[in-house]
Amino acid sequence: MGLKIDARIDRPADLASISKLLGGPAMQAAGARALTEHSEQQEKRSAAFISGFTGVPIGRIRGVMKVRPAAPGAVMESAVELKDAAIPLGEFTYRSWSRSMPGATHGDWPGSGKRTLPGTFSVPRYGGMIYRRATSKRFPIVKVWGPVLPNELAKKERPNYPLAEAFAAQDLAPRVIRHIMSAMGA
């Protein structure tokens with residue numbers, strides 16, 4: 001997205017001072033501040049959405065998210081980074097497994113209902129996580145994993161993706177202009 005500023009200048013002396021000001025480091029710093037501020041807002045909105053969609057507490061999500069601030073320069077970039085491993089499916093367990101059940105029951109996402117995974121079981125002694133056997137023997141057992149938050153945030157078919165794009169289209173340009181006008185002293 002490009003930024004275009006139109007201004008009318010009546011005196012040539014003002015034109016020289018404004019062109020010097022617009023190309024200077026103060027404007028780049030203002031643009032970088034605006035971009036970083038926008039990324040912080042995107043982080044808050046994304047964390048709330050992912051928390052509501054997955055049922056993972058927002059504090060856990062915010063704990064693995066961070067904003068990479070924009071550095072002033074010719075090309076500025078700010079990003080929301082989400083680094084996390086897969087969440088064990090046992091965190092979504094509704095009830096523990098018993099011998100009469102065909103598998104452990106878990107709720108994948110809120111509203112999607114309970115799902116039974118055939119051939120799996122939960123072990124209360126191991127924190128109630130869901131496991132399956134790796135071989136036909138009793139051991140070894142393998143933990144069954146659930147959602148990976150960075151993947152959930154980046155999926156284009158999830159509703160958060162178009163919402164983030166719409167927020168960027170609505171918020172970014174006015175925020176940059178506000179910071180630039182503030183740096184110009186207006």
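What pattern does the chain follow, read along the sequence? The answer is α-α-α-β-β-β-β-β-β-β-β-α-α.

Helices here are DSSP runs of H or I with at least four residues, strands are runs of E with at least two, and both are numbered from the N terminus. You're looking at a predicted model, where local features need pLDDT of at least 70 and side-chain atom pairs count only at pLDDT 80 or more, while totals for chains, interfaces and linings use all residues. Residues are numbered from 1 along each chain as its sequence is written, and side-chain values use heavy atoms, with hydrogens and water left out.

Of the 186 residues in the chain, 34% are buried. Buried means under 20% relative accessible area, exposed means over 50%, and partly exposed is in between, using a 1.4 Å probe and protein chains only. The chain exposes about 11,600 Å², with carbon and sulfur atoms supplying 56% of that area; the areas come from the Shrake-Rupley method with a 1.4 Å probe. Now for contacts, meaning heavy atoms within 4.5 Å: among those in the chain between residues at least 6 apart in sequence, 52% join residues at least 24 apart.

Strands of a sheet pair through backbone hydrogen bonds, either parallel or antiparallel. Here, three strands form an open sheet in the order β6-β7-β8, and the pairing is antiparallel. The edge strands are β6 (120-123) and β8 (141-143), each of which pairs on one side only. From one strand to the next, the twist averages 45 degrees; for such angles, axes are lines fitted to C-alpha atoms, and the angles run from 0 to 180 degrees between N-to-C directions.

Two strands count as paired if DSSP finds at least two bridges between them. β6 and β7 are joined by four bridges, and strand β7 (residues 129-133) is joined to β8 by three. R132 is a handy residue to look for: in β7, R132 is the bridge partner of T120, and in β8 the bridge partner of R132 is V142.

In a regular strand the side chains alternate between the two faces of the sheet. Both faces of β6 are covered, with T120 and S122 buried on one side and F121 and V123 buried on the other.

## Salt bridges between helices

Side chains of opposite charge can pair when their charged atoms come close. A salt bridge is counted when a side-chain nitrogen of Lys or Arg lies within 4 Å of a carboxyl oxygen of Asp or Glu, and that rule gives seven salt bridges.

One of them pairs E37 with R175, at 2.3 Å from N to O. This pair links distant parts of the chain: E37 sits in helix α2 (residues 25-54) and R175 in helix α5 (residues 160-184), 138 residues apart. E37 is partly exposed at 23% relative accessible area, whereas R175 counts as buried at 10%.

E37 also forms a salt bridge with R178, their closest N and O atoms being 3.0 Å apart. Since R178 lies in helix α5 and E37 in helix α2, this pair ties together parts that are 141 residues apart in sequence. R178 is partly exposed, at 48%.

Within helix α5, D171 and R175 lie four residues apart, about one turn of the helix. Their side chains meet in a salt bridge of 2.8 Å, N to O, and D171 is buried at 14%. Salt bridges with shared partners join E37, D171, R175 and R178 into one network.
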